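Welcome! Please take a look at the sequence and the fold below, and then we can walk through some of the features together.

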Amino acid sequence: MKPEIVRLAVIVALTRATGARYSDLLRCGVDSFDLGEEGARATAGTVEVFHGKHRTRVVHPLDASEVILLRRWFDVRAELCAELEGSAPRALLLTVHHTHDNGTTVVSGLPITKQGLVLSWRRHVHRTNARWAGRRPPLPTRFEQVRRAWTESAERRLHTTDTDDDGPGRSPGPSSQER
């Protein structure tokens with residue numbers, strides 16, 4: 001799989017698991033993760049994300065499939081950093097191609113910018129939408145639309161309850177007035 005696709009899969013998985021925005025993910029480093037022992041079978045892990053402008057620290061659980069994907073990304077990431085001089089960057093998300101920043105060529109393996117992530121998502125979406133045109137609805141060109149759909153869906157799942165002794169559609173927890 002191409003490194004860019006693996007990186008996009010990591011972004012999608014982490015966004016779905018944590019509700020994080022691009023800027024939150026850009027603050028994640030390789031030391032933000034607990035994926036268990038390297039050679040161990042994939043089990044649940046955790047990621048520490050600092051959300052929003054106040055950088056609220058939240059430790060989110062990761063399921064086994066996300067752990068497997070992250071381990072794959074760490075392998076790809078190591079290959080990207082292999083040609084760099086000095087120590088590897090601590091940032092989780094790196095550039096996967098040689099890029100240009102204000103007319104200067106930037107080698108792959110360096111921390112990616114928010115603009116780079118936005119352009120990477122849009123490029124992938126435009127290619128995918130062109131490939132699947134007429135066969136399925138197009139993907140949204142703004143990743144924030146995808147993130148909001150997931151977080152709103154998760155919030156709805158949290159607020160829906162089964163029928164219980166309080167009657168249909170009533171939450172067994174305290175009402176919003178009691179909180």
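## Helix α3 and its cover

Which residues of α3 are buried? They are Glu 66, Val 67, Leu 70, Arg 71, Trp 73, Val 76, Arg 77, Leu 80 and Cys 81, where buried means under 20% relative accessible area with a 1.4 Å probe, protein chains only. Among the elements that cover these residues are α1 (3-18), β1 (33-34), β2 (45-51) and β3 (56-62).

Helix α3 itself runs through residues 64-81 and has 18 residues. From its first C-alpha to its last it reaches 26 Å, close to the 26 Å expected at 1.5 Å a residue; the expected span is 1.5 Å times one less than the number of residues. Helices (H or I, at least four residues) and strands (E, at least two) are DSSP runs, numbered from the N terminus.

## About the model

This is a predicted model, in which local features need pLDDT of at least 70 and side-chain atom pairs count only at pLDDT 80 or more, while totals for chains, interfaces and linings use all residues. Residues are numbered from 1 along each chain as its sequence is written, and side-chain values use heavy atoms, with hydrogens and water left out.

Leaving aside residues up to four places away in sequence, Leu 14 touches Gly 19, Leu 25, Phe 33, Val 47, Leu 62, Leu 70 and Leu 92. Contact here means heavy atoms within 4.5 Å.

Thr 128 lies in helix α4 (residues 114-131). Thr 128 counts as buried because its relative accessibility is 8%. Beyond residues up to four places away in sequence, Thr 128 touches Arg 136 and Leu 139.

In the loop between β2 and β3 sits Arg 55. Although Arg 55 is not a glycine, it has a positive phi of about 50°.

## The largest pocket

About 440 Å³ of space lies in the largest pocket. Of its 18 lining residues, Thr 95, Thr 99, His 100, Thr 113 and Gly 116 are the closest to its centre. On a 1 Å grid over the protein atoms alone, where a 1.4 Å probe fits, a pocket is an open set of points with protein on both sides within 12 Å along at least five of seven lines, and lining residues have an atom within 4 Å of a point.

The largest share of the lining, five residues, comes from α4.

Note on methods:
Buried means under 20% relative accessible area, exposed over 50%, partly exposed in between (1.4 Å probe, protein chains only). Grid points are joined across faces, edges and corners, and a volume is the space filled by probe spheres set on the points.
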